[in-house]
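Here is a short tour of one model, written for someone who likes to check contacts and cores by eye. Have the viewer open as you read.

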Amino acid sequence: MTMTNVATETIAGLKAAGINFVASLPSSAFTTVLPVIADDPEFLHVQVTNESDGVSICAGARLGGKRPVLMAENSGLLMGTYALACMENFGGIPFLLVLDHRGDFGEGDGYWYFPTGRLAVPTLEMLGIPYTVVHSADEVRQAIVDGSRTVEASRRPAAVLLGLGVA
Amino acid sequence: MTTRQEYLEHFVSRLTDELILTSVGASARELQALAPRDGSLYRVHLGGTTSMAMGLALALPQRRVVAFEGDGGVLMGLSSLTVLGRQQPANLTVIAFDNGLYEGGGRLPTITSQGTDIVAVARGAGVTDAVRVRGVEAFAAALSEAYASGGTGYIVADTEPGSQLPYASLDGTENKYRFINHIEATEGVQVLQAPGRSSIR
């Protein structure tokens, strides 16, 4: 499968940020990048079946010294909300979220993306998770680096939303 | 029937340098009372303990990690068993106390008391070494086997409800920093970036 621009930029961003542990579920923006991550020895890749588990696995990996990211569709953020909220019992545990922002303004693929898509930003704000939304593949690398810098300095999660125009 | 405290007393009697994560609930309180130590992280959210311990075990493959669950937490986090079945970190042992109750939630029954067998669910998800034990002797043998095996140990212990031990005052944030400091000191890894100029380009 040919690497798309967003796939190349995502890998470059993760490596520039020192990320070495990836928990993931598929989403359309990740179609070409996840198989590459799975085969790249610089990443320890864990395919999860529920984003809530992905949150917990990333938190555990972080306590063991890894630099984790959870990659999922934004609907998965809702699945992970309980686990993300409970991390505050420990005063927060740092890792990055890279979320495919389906249901973004201008999305034309289907009504089913909107009920969860429109909750992504309010959910991040409700959880107190800093975020940025990017709309071009060319912005992805720097957004991931900036997101990681935010994670490391704040010692809590931060999120990059891959909005319309990225994939 | 054997109490959770009796199982835990055996576990503590052979405890060395394992990193321990416990779910919220009585096992957190009891383990904290029996063996307060910096290498234990107490009160991981319900349904998340196995996953968090799995992440830690994958990050530190040379270090023994033990997760303490209850049947309510296992039932809530069933999807984690599918990931555990694929990853099978050999340094991870999960111990699930099955008393058939939400003991911390008014002692109403879980569905394990109505026929659901979490050992069968775990095996079906690929956690092929999952076993059920009843009594300290069987628990001790299963624990020895789990530590020696090349796969993830998964022990479901039939447990008498009830708890006698007191709460400890340790706060979750302090617990986290003690746990991280312990891992940094014993594993030679840097878990948190020191404040100051960023190392990220």
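## Overall build of chain B

A compact globule of 201 residues would have a radius of gyration near 17 Å, and chain B agrees, with 17 Å. Please keep in mind that this is a predicted model. Along the principal axes, the C-alpha atoms of chain B fill a box of roughly 55 × 35 × 30 Å.

Chain B has eight helices and eight strands, and 46% of its 201 residues are buried. Among the contacts in chain B with a separation of 6 or more, 70% are between residues 24 or more positions apart.

## The nonpolar core

The largest nonpolar core holds 109 residues, and those touching the most other members are L162(A), L56(B) and I155(B). Helix α3 of chain B (residues 49–59) gives the most to this core, seven residues.

## A covered helix

Helix α2 of chain B (residues 26–34) has these buried residues: A26(B), S27(B), A28(B), E30(B), L31(B) and Q32(B). Their cover includes α1 (4–13), β1 (19–23), β2 (40–44), β3 (65–70) and β4 (92–98) of chain B.

## Where the chains meet

Between the chains, 32 residues of chain A are in contact with 34 residues of chain B. On the chain A side, β2 (44–47), α3 (51–63), α4 (74–86) and α7 (140–154) each supply at least two residues; the largest share, nine residues, comes from α3(A). This side of chain A divides into 16 nonpolar, 10 polar and six charged residues.

Technical notes:
Residues are numbered from 1 along each chain as its sequence is written. Chains are lettered from A and ligands numbered from 1 in the order in which they are written. This is a predicted model: local features need pLDDT of at least 70, side-chain atom pairs count only at pLDDT 80 or more; totals for chains, interfaces and linings use all residues. Two residues are in contact if their C-beta atoms, placed from the backbone, lie within 7 Å. Helices (H or I, at least four residues) and strands (E, at least two) are DSSP runs, numbered from the N terminus. Ala, Val, Leu, Ile, Met, Phe, Trp, Tyr, Cys and Pro count as nonpolar, Asp, Glu, Lys and Arg as charged, and the others, Gly among them, as polar. A residue is buried if 20 or more other C-beta atoms lie within 10 Å of its own, exposed if 12 or fewer, and partly exposed in between; C-beta atoms are placed from the backbone. A nonpolar core is a set of buried Ala, Val, Leu, Ile, Met, Phe, Trp, Tyr and Cys residues joined through C-beta atoms within 7 Å. The radius of gyration is taken over C-alpha atoms; the globule rule is 2.2 Å times the number of residues to the power 0.38.
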